[in-house]
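Okay, thanks for coming, everyone.

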Amino acid sequence: MKRVITFGTFDVFHVGHINIISRAAELGDFLIVGVSSDELNYNKKNRYPIYNETDRMKILSSLKYVDEVFLEESLELKLEYIRKYEADLLVMGDDWEGRFDWVKSECDVIYLPRTPSISTTEIIEVVKSR
């Protein structure tokens, strides 16, 4: 069984999220999703997500593509998460291209193209401007 792991904030859930999750699921037999904690997001982006970590995990858990969801507390723990969940493949969006090549000694890494013209940040900005 090929185990695939991916990570993300998955805030203000949109079709781009579905696209990367469904494509990641197609690359294996079991999909594990690490959802960035509220604190991790604040440290990364200087703002909290619109939806809290519990709600975002619930949304991900409800998807037919997703077999397991966990809370990602730190970007530096990627290798530990890969080991803990026995992942064979790490899938990330191509906006992270090359940033996780250092885990290739433990598992394969694939960077998938993002869905053009959609991002959570853009959605938030459009909503704020109305």
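Predicted model: local features only at pLDDT ≥ 70, side-chain atom pairs only at ≥ 80, totals over all residues.

Let me start with a term: two rings of Phe, Tyr or Trp count as a pair if their centres lie within 6.5 Å, taking the six-membered ring for Trp. With that in hand, here's the bit I like: Phe7, Phe70, Tyr81 and Tyr85 form one aromatic cluster.

Take Phe70 and Tyr85: they're stacked, with 4.4 Å between centres and 20° between the planes. What does that pair link? It links distant parts of the chain, with Phe70 in strand E3, residues 68-72, and Tyr85 in the loop between H4 and E4, 15 residues apart. Both Phe70 and Tyr85 are buried.

Now compare that with Trp96 and Phe100. That pair is tilted, at 5.5 Å centre to centre and 40° between the planes. Trp96 and Phe100 are both buried too.

As a rule, nonpolar side chains in soluble globular proteins tend to be buried together. Here the largest nonpolar core has 18 residues, and the ones with the most contacts inside it are Ile5, Phe7, Phe70, Ile82, Leu90, Met92 and Val103. Who supplies it? At least two residues each come from strand E1 (3-8), strand E2 (30-36), helix H4 (78-84), strand E4 (89-93) and strand E5 (108-112). H4 gives the largest share, 3 residues. There's also a second, separate core of 16 residues, including Val4, Ile20, Val35 and Leu89.

Leaving out residues up to four places away in sequence, Met92 touches Thr6, Phe7, Ile20, Lys78, Phe100, Ile110, Tyr111 and Leu112.

Last stop, helix H1, residues 15-26. That's 12 residues, reaching 16 Å from first C-alpha to last, close to the 16 Å expected at 1.5 Å a residue. Which of its residues are buried? Gly16, His17, Ile20, Ile21, Ser22, Ala24 and Ala25. An α-helix has 3.6 residues a turn, so residues three or four places apart point the same way.

Ala25, in H1, touches Leu31 and Tyr65, again skipping residues up to four places away in sequence. Ala25 and Val66 are 41 residues apart in sequence, but 7.4 Å apart in space, C-alpha to C-alpha. That's my tour, over to you.

Note on methods: Residues numbered from 1 in each chain as written. Heavy atoms only, no water. Core = buried A, V, L, I, M, F, W, Y, C linked by side-chain atoms within 4.5 Å. Buried < 20%, exposed > 50% of the residue type's maximum accessible area, 1.4 Å probe, protein only. Helix = DSSP H or I, 4+ residues; strand = E, 2+ residues; numbered from the N terminus. Contact = heavy atoms within 4.5 Å. Phe/Tyr/Trp six-rings, centres within 6.5 Å; stacked < 30°, edge-to-face > 60°. Expected span 1.5 Å × (residues − 1).
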